[in-house]
Amino acid sequence: MPVLELREVTKAFPGVLANDRVSFVLEKGEIVALLGENGAGKSTVMNVVYGLLSPDGGEVLMDGRPARIKSPRQAIDLGIGMVHQHFMLVEPLTVTENIVLGREPGRFGVIDFATARRRVEELSLRYGLKVDPDARIVDLPVGMQQRVEILKALYQGVRVLILDEPTAVLTPQEVRELFSVIRSLVDEGLSVVFITHKLEEVMAVADRIIVMRAGRVVGETTPEKTDDVGLARMMVGRDVVLRIEKTTKPTCRDTVLHVEGLRVPSDRGLEAVAGVTFSVCGGEIVAVAGVSGNGQTELVESIVGLRRPSAGTILLKGVDITRADARTSIEAGLSHIPEDRHRRGLILQFDLAENLVLGDHRVAPYAKGPLMRPGKVSAMAVTRIADYDIRTPSAGVIAGNLSGGNQQKLVVAREIGRNPELLVAAQPTRGLDVGAIEFVHRQILAARESGKAVLLVSLELEEVLLLADRVLVMYEGRIVKELSSGEADAETLGYYMTGGGGEKLNAQERQAPAHGGDA
Amino acid sequence: MLGDIITPDLFASALRMATPLALAAIGGTICERAGVVNIALEGIMLTGAFFGTAMVLLTGSPWLGVIAAVASGAGISAVHAFASINLRSNQVISGTAINLLALGLTGFLMELWYGHPGTTDPIKVLRPIFNFESPGGGAIAEAWRWFDSIVFSHTPIVYLTILIAIVAQVAIHRTKWGLRLRALGEHPRAVDTVGVSVYRGRWVAVLMSGALAGLAGANLTIEQVGSFTENMTNGRGFIALAANIFGRWTPVGSYLASLLFGFADALQIKLQILRGVVSIPPQLFLMLPYLLTVIVLAGVIGRAVAPAAVGEPYEKG
Amino acid sequence: MNEKREQPVLVQRRWMVAAQKIGAPLISASLAVVVGSLIIWASGYDPRAAFIALFEGSFGSPKAIGDTLLKATPLILTGLAVAYGFRAGLFNIGAEGQLFLGGLAATWLGLSLAGLPWFLLIPLMLLASMLAGAAWAFVPAILKARIGAHEVITTMMFTYIGRYLVSYLVIGPLKAPGQIPQTAELPDAGQLSRIQALFSEATLASFEFLKLGRGHLGIVVAVLAAVLVWFVLKYTTLGYENRAVGFNPWASQTAGISVQWTTVKALCISGGLAGLAGSTEVMGVHHRLFDQFSSGFGFTGIAVALLAKNHPIGVIPAALLFGALAAGAGRMQFQADVPQKIVLIIQALVIFFVAAEEIVLWFIRRRQKEAVSHAG
């Protein structure tokens, strides 16, 4: 009898059928990978199982019995736990406090912290998940935080653990450790659902693979019976174009961006960028590759004028913009596709025209002195909407009402349409579906063809390999390696991204506290 | 002259003046730790002050008055809880509405019940608990006079407030309720996903803050003034919010910050009484607590960190 | 759950949007009046008599209409003040204090420059009141922009400080001879004329509706201010940046808008508008300054702004409603015995229902949005 079974689970949102009769089973002690691209409905179906969403049809069975799961509480009581993409951890609290939250040991409402701590230690010993029970979450690296999440589920006594895109924030080293943790969990009798869109992970860890596309289960297989190409075809529904041919060779006509000895502090006052030097030429795409949290965000923010560097210089076409604010940088010819488009890219309550003029709203022809020129703005908006294929009935629609892909097109239309000298694109395709990804890639390549300098920051190695003329690998705030597009492949990049190639002694010293987990 | 100002009575008065501020500030602390901003402390305090007085006028019992004040404070804060938790309306706007409502309701009922605006008849008040004989002269007697005045001259709620500050401080750090409260204000979804009700936790916190602010109102009328006057809270609820921030969202910190504001208040009263000696207009002294509040906020805010999810309505699911 | 997928764009017809915008506040106001009536009824009064008196006192005669205009004048301006702040994401709860400072500045200037002709003196006094109101908002604005001190607490504290300042000045340095703590009367050239004073006796005799009693020209100033604020928000870069920061400070910052500077400008402009309310009160109604010259217009402005959905033109009818309540309250107490304080309760209820109705609308929108954001 399977531990968990889904029978024809259907979930519709107005206008979208997120899950269309999704069925599959999970056996005891099994690792099932739920594979699909963004928007395929993987998270939706698991949120149904976890009681965060209620299904419109079908049923969920636990131990062969129909389970009506209406809240996470019920899911936990049934033995289902979920580790979300965004951790459900309270940052200022300690590891122990987070783990026991909701089921605190103690009497008369007073928490018995000694017992709580002991139970955490027991669990971490049993499953090989080393953590410091007294550390505060905010002080832990993400890999360690994920362990706390898993421990929290184990403390609650779950038998089915759902991991939603667990590797997105991890270094390859941490990914390997996570996989061994997952194996030890199934050895102890747990069952695991592993949600991902990364083929190699599926091949590495899954016992069985369930592929979803557009809300449906489109196939089921095992790592033995398939390979990358077959899985990709199943996932996307057609053969995937793995290379876009660039028509021109990069020619360095002139240096557009030059960064010299740049040091940038993080929010917490640590040195996030620790002395970085590089240049980007016109007509060239330079990609910054690296695992999340190695200083890329701070690097981008300092270049675009959102964060003040502590040392070094940034020159845009020879003009010093080291201490310039965002406005000065924009006026100097910089465009920026921000990492977080909801927070920084768009004003969701503004209409399309108002969003398209954002940043250019006080320069001619869109403004004259203190006055805006609505006629010019809407004429521009109509042109951009057509040029960038933004699907909307009119320029007067509120941006928040567009789909994610169209919202990103809106940002791209504004930033590339501005005709900048330098385009800084941070994670420009995160969360988009294949069609929108291709569109954004084509626009970035077109910007390159027209002689613009492009600085691309991406966590997706495929994207880096596809677009970049040169790749800078960032690790712990430094550029540890520069590769030409010919030299770069996933393996080499992965090696340098995790600190490989640095001085051997240093790397080993670092590994113990950072990844060993006995902190 | 300084000897006229720095007297044991000044410090005793500071402790008294600090009491309503501290109660409301601790209420604010609990509420904000749960993730709900309580701009309504001012109005809740006023409500408590009024209903406390009304109950004493009705029954002649100060203690029943205190109970009425606490109950009415909790009652009107339920409106804030419903609006900001269940309806997910803007918490600051909801609080503003409560402040206006309290002002209107107390004024309206005042005319309805007592037939006139302004101030009620005097009520029976709570007396100081201790009443020790002061010994004769000498340095020891002088020291005792200071000690007696500062420590033993107070009414019950003044002592109760100190107790509440300490108990709340311990409870926030050592109990299940406290752990969940701290988590609620930082990451309510984390609390929800381990099966603890966010709505319930926030409701309890808002009601507690209402009860405490109601008690603050009782202290004002049933212990300090001895009658109710329209709008008598005079911005204390807002000063209490500042005290909560200055106290870094901790009960004991809130109490200590309130002592500072209480001292400013006591000082300005003292200076007013001594107007003959210091010829400065009283209005300038009356400004003192408000000015001090702005100065304290200007000095402290950059370094104090509010609970991460404070002010954000929580949606289930 | 940031994953999104293709989704038909939600289109709302223009008239539907308009109907929603106008209809919703009407429902809120009506609900507040209904609950207010219930309170009146439960208190043992006759709600019907109360509302008849209220109506007669506010719209029943040209004179009553004049009173309504009189009360609506400062409310339009404080409503604009609060609304302009809200449009930048700021809650200027301290409009009352800025109003006091505006009244103070206008009075002081009017008394100091008593010899000037009206066409110089009146604009100067109005300008002075705006500058004073802006100045009173400046410290809270700087504290907000530089260190994030909450403007609700700081502007509130400045309200108390401002009131005590005025109270001190009218008892002390600015006090006119006599028993009453008030300033001397403004020169005629520094007063805003009553509307009916613009017309001859003969005209008034044939056009009864022009006999607007105490209604004064401040209403013209207020309406012009509303139109100006509307224009600024809609057609200037200043207004565009104000709205952008109000909706999304992070995106605004990314686009090169200084959030700090916009915050300072917004709160000072807000303070200036509130200050203007102070001068129209002094120049049009009391003709002098004293302790209690504002009956909480700054706080009522919050209700006005919320009811108007922070739309500058919407502020005008919202202010007329609250103006009518204020104007009719006296007659209601006199005729139906209902305490005037009921008006405050109704104001509070309006704020609640506006907030609650926001929820209803927002909830509809959210359900549609959820469709997009959960499709992952």
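Buried residues make up 57% of the 376 residues in chain C, where a residue is buried if 20 or more other C-beta atoms lie within 10 Å of its own, exposed if 12 or fewer, and partly exposed in between, with C-beta atoms placed from the backbone. The model is a predicted one: local features need pLDDT of at least 70, side-chain atom pairs count only at pLDDT 80 or more, and totals for chains, interfaces and linings use all residues. Residues are numbered from 1 along each chain as its sequence is written, and chains are lettered from A and ligands numbered from 1 in the order in which they are written.

Chain C has 14 helices and 0 strands; helices (H or I, at least four residues) and strands (E, at least two) are DSSP runs, numbered from the N terminus. Among its contacts between residues at least 6 apart in sequence, 78% join residues at least 24 apart, two residues being in contact if their C-beta atoms, placed from the backbone, lie within 7 Å.

Helix H5 of chain C (residues 118–147) has 30 residues. From first C-alpha to last, H5(C) reaches 43 Å, close to the 44 Å expected at 1.5 Å a residue; the expected span is 1.5 Å times one less than the number of residues. A kink of about 35° lies at C:Phe138, shortly before the proline C:Pro140, the bend being the angle between axes fitted to the seven residues ending at a residue and the seven starting there. After H5(C) comes C:Gly148, with a positive phi near 75°.

C:Cys268 belongs to helix H11 (residues 259–286) of chain C. C:Cys268 is buried because 23 other C-beta atoms lie within 10 Å. Leaving aside neighbours within four places in sequence, C:Cys268 is in contact with C:Ala134, C:Ala137, C:Phe138 and C:Ala141. C:Gly85 is 183 residues from C:Cys268 in sequence, yet their C-alpha atoms are 9.0 Å apart.

Chain A is divided into domain 1 (4–236), domain 2 (244–333 + 420–519) and domain 3 (343–419), with bounds from an automatic or database domain assignment. The centres of domain 1 and domain 2 of chain A, taken over C-alpha atoms, are separated by 32 Å.

Helix H15 of chain A (residues 434–449) has 16 residues and spans 22 Å from its first C-alpha to its last, close to the 22 Å expected. Its buried residues are A:Ala436, A:Ile437, A:Val440, A:Gln443, A:Ile444, A:Ala447 and A:Arg448. They cover an arc of only 145° around the axis, so they lie on the same side of H15(A); the arc is that of the directions from the helix axis to the C-beta atoms. The face turned away from the buried side carries the exposed residues A:Gly435, A:Arg442, A:Ala446 and A:Glu449. The cover over the buried residues of H15(A) includes helix H14 (404–417) and strand E22 (453–458) of chain A.

Most residues other than glycine have a negative phi, and most peptide bonds are trans. A:Glu8, in strand E1 (residues 4–13) of chain A, has a positive phi near 50°. The peptide bond from A:Ala364 to A:Pro365 is cis, with omega near 0°. B:Arg88 has a positive phi near 55° and is found in the loop between helix H4 (62–86) and helix H5 (91–114) of chain B.

Between chains, 18 residues of chain B are in contact with 19 residues of chain A. H8(B) gives the most to the side of chain B that touches chain A, with 6 residues.
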